[in-house]
Amino acid sequence: MSWSRCVPPLGLLRCIQQQQILLLRPISPLSVPSRAMIPGQYRRPGEPREDDPPWKKINFSFSKGLEGIKKHFTLLKKEFFERWVGPQGKPLIEHMLEQNQVVWEFRGAESLDQWIVSSDREIGGQSEAHLKVGKNNSTCLLYGTLRSTPPRDGETRYSGYCSMRSKQPLVSFDRKKHYDWSSFNTLHLRVRGDGRPWMINIAAETYFSHQKDDIYNYFLYTRGGPYWQDVKVPFSKFFLTHRGRIHDHQYCLWLDKINTIGFTLADKADGPFQLEIDYIGVCKDYAHTSDFDYELHKRNPEVL
């Protein structure tokens, strides 16, 4: 046996030494970018990222502070005396026997201040939506043009929506005021549309931050034509969604913690639209006895 067959070649020895050095080298911890460790707020595709701290948006004005103090103490006084009269300033017997309640009615231009109109123009789309008072100052008219062409930003894949949403009511010191509809079981609308299908959106108060985009939805089918239609939708038919996706785990709407209500059009039919609303209310329908019309999934089902 020759010496060249017993000794491994020089290149193989260098390769083994390099591998031993790599194995003995201390492993540094994985570097995770700071953006991935701290979950930020949801940003729509196409919107610029806001890097400014929140305190930069505050207007430090002495006169504005005095006006705010006067406003909030006036609201606190009103809230205090309404509690002595009854819920929402109504006598207790009237609150217990009430079967119909008009929550929003449009009687004049000042009633439109309680609503917010939005469209896909916020993400670079081409749809337009406007809100104005109808004839005789007794209705509101939501009209505009729907276009489903997505913006050319390289991120947005779908577009084409218009919506109106009620503002979150606030009491003294900017505390949220919730609508208590626990005495009712049906949503009552008087509308006049153009035959397009709409989506009714109801947002309730949540306990966790990741549930802030949870919304209850149901469909509103308008007939079109010159005639008004009275629409009654039981609250048990509203299903839970999160950013447009239906939840696997459904549960009924909390009627004592209602925040806002809205209407969305996204039927992918480009062209003009209009929806006229007379009033939005709630009622008690004794013929409807269901609490929730969808299957409830239990994580820990009871064993019979």
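**Salt bridges first, then the rest**

A: Arg 107 and Glu 105 form a salt bridge between their side chains, at 4.0 Å from N to O. Keep in mind that this is a predicted model.

Q: Is Arg 107 buried, partly exposed or exposed?
A: Arg 107 counts as partly exposed because its relative accessible area is 38%, and buried would mean under 20%.

Q: Which network of salt bridges includes Glu 105?
A: One that links Glu 105, Arg 107, Arg 190, Asp 230 and Asp 278.

Q: What joins Asp 278 and Arg 190?
A: A salt bridge between their side chains, 2.8 Å from N to O.

Q: OK, new topic. How many helices and strands are in the chain?
A: Five helices and 13 strands. The chain has 304 residues, of which 32% count as buried.

Q: What about the surface of the chain?
A: The accessible surface is about 21800 Å², and 55% of that belongs to carbon and sulfur atoms.

Q: Which residues make the nonpolar surface patch?
A: Phe 62, Leu 66, Ile 69, Phe 73, Leu 76 and Phe 173, and the patch covers about 640 Å².

Q: Where is Phe 73 found?
A: Phe 73 belongs to helix α4, which runs over residues 62-85. With a relative accessibility of 48%, Phe 73 counts as partly exposed.

Q: How far does α4 reach?
A: From its first C-alpha to its last, α4 spans 36 Å over 24 residues, close to the 34 Å expected at 1.5 Å a residue.

Q: Which residues of α4 are buried?
A: Gly 68, His 72 and Glu 79 are buried there. As background, residues three or four places apart in an α-helix point the same way, because there are 3.6 residues a turn.

Q: What is phi near in Asn 137?
A: Near 55 degrees, a positive value in a residue other than glycine. Asn 137 has its place in the loop between β3 (128-133) and β4 (140-146), and at 48% relative accessibility it counts as partly exposed.

Q: Now the inside. Which residues touch the most other members of the largest nonpolar core?
A: Trp 181 and Phe 263, out of 40 residues in that core. Strand β13 (residues 271-283) gives the most to this core, with five residues. In soluble globular proteins, nonpolar side chains tend to be buried together.

Q: What is Trp 181 in contact with?
A: Leaving aside neighbours within four places in sequence, Trp 181 contacts Gln 101, Val 103, Trp 104, Phe 235, Leu 255, Asp 256, Ile 258 and Val 282.

Q: How much of the contact in the chain joins residues at least 24 apart?
A: 75%, among contacts between residues at least 6 apart in sequence.

Q: Last one. Where is Tyr 218 found, and what does Tyr 218 touch?
A: Tyr 218 is in strand β8 (residues 214-221). Not counting residues up to four places away in sequence, Tyr 218 touches Trp 198, Met 199, Ile 200, Val 233, Lys 237, Phe 238, Phe 239 and Tyr 294. The C-alpha atoms of Tyr 218 and Leu 240 are separated by 9.3 Å, with the two residues 22 apart along the chain. At 21% relative accessibility, Tyr 218 counts as partly exposed.

Notes
Residues numbered from 1 in each chain as written. Predicted model: local features only at pLDDT ≥ 70, side-chain atom pairs only at ≥ 80, totals over all residues. Heavy atoms only, no water. Patch = residues over 30% accessible without salt bridge, like charges linked within 9 Å, V, L, I, M, F, W, Y side chains within 5 Å. Areas by Shrake-Rupley, 256 points an atom, 1.4 Å probe, with all protein chains shown as cover. Helix = DSSP H or I, 4+ residues; strand = E, 2+ residues; numbered from the N terminus. Buried < 20%, exposed > 50% of the residue type's maximum accessible area, 1.4 Å probe, protein only. Core = buried A, V, L, I, M, F, W, Y, C linked by side-chain atoms within 4.5 Å. Contact = heavy atoms within 4.5 Å. Expected span 1.5 Å × (residues − 1).
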